[in-house]
Amino acid sequence: MTVLTATLDRPFGHPEQAADYGLVDANAQMAITALSQWALVESSLDSLFERTMRVVVDVLQVAYSGIWRVLSDRQSLRRVVTLPATAGAENLEITVASEPLVQDLLAAESQLLTANKPLVSGIHNFPLPLPPNSQSGLILGIVGRDQLLGCLEIHHDQPRDFSPEDVYFLQAVTNVLASAIERKRSEALIATQSRVLRSIATGQKLDAIFHQLCELLEQDLPGAYCSILVLDRAEKCLRAGAAPSLPAEFARGVDGLLIGECAGSCGTAAYRGEPVFAADIANNPLWAPFRDFALGHGIRACWSSPFFSADGEVLGTFALSHRFACHPTPYHLEAIATAANLASIAAESCRRAQALQMANQQLEQKVQERTSELSSTLVRLRQTQSQLIQAEKMSSLGQMVAGIAHEINNPTAFISGNLHHAETYFQDLVEVLQAYQAEYPHPSPTVIQCLESVDLEFLMGDLPKVLGSLHSGCNRIANIVTGLRNFSRLDESSMKAVDLHEGLENTFMILNHRLMGPGQDPLLRVVKQYGNLPLVSCYANQLNQVFMNLLSNAIDALYERRLNSPEDYIPSLRVETEMAANDRVRILIHDNGSGIDPGVQERIFDPFYTTKPVGQGTGLGLSISYQIVQEQHNGRLYCHSTPTDGTTFTVEIPIAPVVAKLHP
């Protein structure tokens with residue numbers, strides 16, 4: 001038996017056994033040493049494979065070299081690198097189904113898998129596609145600790161007997177590659193964990209994290225389909241999470257998969273809460289309802305594991321699928337467990353982030369609602385305070401008016417009651433004086449001097465006029481007191497039918513000092529156009545307060561414009577009353593002042609908003625007037641203003657109460 005034949009029968013060796021092979025050639029020894037060093041520092045397996053091919057071709061002086069990887073399903077080989085590089089040569093896949101000899105290749109028990117002798121008849125049994133002009137070649141397995149990881153092939157364009165030293169060299173090369181592949185697989189899992197955890201820590205979206213996880217694992221598991229389904233607890237089904245390489249039609253078909261027994265690998269795993277491994281869907285009972293659908297899309301094996309929340313709740317499933325029937329290896333189990341743990345961490349982190357975000361939103365919403373409530377309460381409090389202040393003012397005014405009326409009525413009644421007697425007594429004295437003048441036509445010098453000093457004739461003519469003026473003054477005082485009492489209407493706190501014109505006139509009477517200048521000359525023109533209004537059911541004292549606020553503001557506007565207008569400007573105040581409809585009356589108060597800016601008109605009824613200088617306005621008058629008209633009387637108060645025509649405030653109130661509100 002030759003050394004080469006003995007080598008063919010040698011069983012698989014471990015990578016650590018590279019030193020068992022005696023490499024006599026110094027170049028070969030140096031090449032293996034350099035290759036081992038490259039394997040330790042090279043981060044990319046593809047780069048290491050390319051270096052290895054160059055070393056093999058240079059040391060053995062062969063025409064061709066290539067490396068094949070065993071795919072995840074362990075039923076297929078994929079060529080990953082060739083030297084020289086050939087278009088279309090890389091990524092070529094061959095399977096047991098298409099090439100039966102590959103089965104023997106994958107099941108071989110010797111590290112030297114096959115050798116084609118320099119005979120034309122022997123080359124036909126070569127299990128891998130032959131490169132052009134191949135006359136001789138070898139295939140050696142890249143063997144890991146417990147399984148075949150790939151194979152290395154070399155070819156020469158001339159018949160050649162490969163020596164045992166050539167085989168020893170190639171075995172050392174494959175041992176270096178096997179160590180590198182297994183180390184890179186372990187490092188790849190660690191790198192995958194690091195990258196996914198970093199994505200989780202940076203707050204990336206859950207679907208992006210799932211997609212990244214599947215892509216990273218597929219890079220390390222060539223030929224496998226990675227997918228993630230997320231549990232929809234409300235619908236008791238699984239929804240699509242990520243499936244970057246799974247056939248699109250199949251991925252859409254499993255979106256919405258109901259969980260339960262006999263629901264495929266994923267649906268059953270989510271239902272049971274434990275991993276489910278279907279090595280061959282064609283005869284697995286769990287896939288009976290979906291067998292034709294899966295096989296029709298080229299899915300023959302599916303291994304699925306659920307992932308959980310911190311409290312043990314199933315959140316979804318991670319699955320590895322293959323095109324051929326196969327069983328999971330220990331590395332597959334480790335990868336699936338790692339993926340399930342990462343998916344669990346990502347989903348739980350996302351759930352907690354969403355819960356935190358929702359809690360923050362709810363807290364912000366509650367804060368906003370509470371702030372809004374407090375703001376509304378503050379506004380109502382300020383409005384109530386202003387109403388109480390105004391009500392107190394009106395109450396104080398009413399009490400003052402009542403006191404003044406009481407105090408003035410007594411002396412006025414005394415004066416008015418005694419004026420009649422004074423006139424009678426005066427008339428009697430005049431008659432007595434005339435009788436004396438008739439009886440004594442020639443008075444003494446003393447009497448004559450006295451008559452001249454008092455101007456008796458003027459006194460007798462003017463005294464009746466004085467008494468008449470006293471009568472008029474008493475009547476005026478009585479009318480003023482009556483007007484004040486009618487304006488305040490302290491004794492009328494309930495709604496009753498009143499004449500609105502009387503309230504307007506009483507308001508004008510109180511504001512008379514602002515309408516008249518020295519000598520009772522009018523400061524502005526007042527036009528009253530009263531219509532025929534019925535009695536209106538209302539809170540009279542409140543409406544009088546509205547009239548007072550609106551008329552006072554109109555007079556202020558007229559004063560302000562008069563200061564900045566030419567001498568021919570005539571300030572005018574017009575008050576109109578009319579029927580707005582069969583059940584409503586309208587009061588219009590118009591002034592030809594400077595008008596109100598459009599931006600300001602939107603806020604004039606806001607509490608405490610005023611355009612007057614500090615100390616001249618509280619910002620309460622129009623706000624209270626608005627509440628009285630709108631809320632207390634179910635009416636309308638609105639404003640129309642232009643710079644050229646001035647301002648018109650319109651009050652509309654129903655004749656009879658619609659929905660009478662309680663008087664505050």
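## Close-up views of a predicted model

**View 1. Strands β7 and β8 sit side by side in a sheet.** β7 and β8 run antiparallel and are joined by 5 bridges. (Helices, H or I runs of at least four residues, and strands, E runs of at least two, come from DSSP and are numbered from the N terminus; two strands pair if DSSP finds at least two bridges between them.) Look for L229, whose bridge partner in β8 is A240. This is a predicted model, where local features need pLDDT of at least 70, side-chain atom pairs count only at pLDDT 80 or more, and totals for chains, interfaces and linings use all residues. Residues are numbered from 1 along each chain as its sequence is written, and side-chain values use heavy atoms, leaving out hydrogens and water.

**View 2. Six strands make an open sheet.** Follow the order β9-β8-β7-β12-β11-β10, with antiparallel pairing. β9 and β10 stand at the edges with a single partner strand each, so one side of each has no neighbour in the sheet. Helix α6 (residues 206–220) lies across β7, β8, β11 and β12, running at about 150° to β7. (Axes are lines fitted to C-alpha atoms, for helices over the stretch in contact, and angles run from 0 to 180 degrees between N-to-C directions.)

**View 3. Helix α8 is mostly covered.** Of the 9 residues in α8 (residues 264–272), 7 are buried, among them C266 and T268. (Buried means under 20% relative accessible area, exposed over 50%, and partly exposed in between, with a 1.4 Å probe and protein chains only.) The buried residues of α8 pack against strands including β7 (225–232) and β12 (314–322). (Contact means heavy atoms within 4.5 Å.) After α8 comes G273, with a positive phi near 75°.

**View 4. Strand β1 is largely enclosed.** In β1 (residues 64–70), 7 of the 7 residues are buried, so the rest of the structure largely encloses this strand. Y64, G66, W68 and V70 point one way, while S65, I67 and R69 point the other way. In a regular strand, side chains alternate between the two faces of the sheet. β1 pairs antiparallel with β6 (residues 148–156) over 6 bridges, and W68 has C151 as its bridge partner there. β1 also forms a hairpin with β2, with 5 residues between them.

**View 5. N549 meets S625.** N549 lies in helix α15 (residues 540–563) and counts as buried because its relative accessibility is 17%. A polar contact of 3.0 Å joins the side chains of N549 and S625. (A polar contact is a pair of N or O atoms within 3.5 Å; within protein, one must be able to donate a hydrogen and the other to accept it, and residues adjacent in sequence count only if both atoms are side-chain atoms.)
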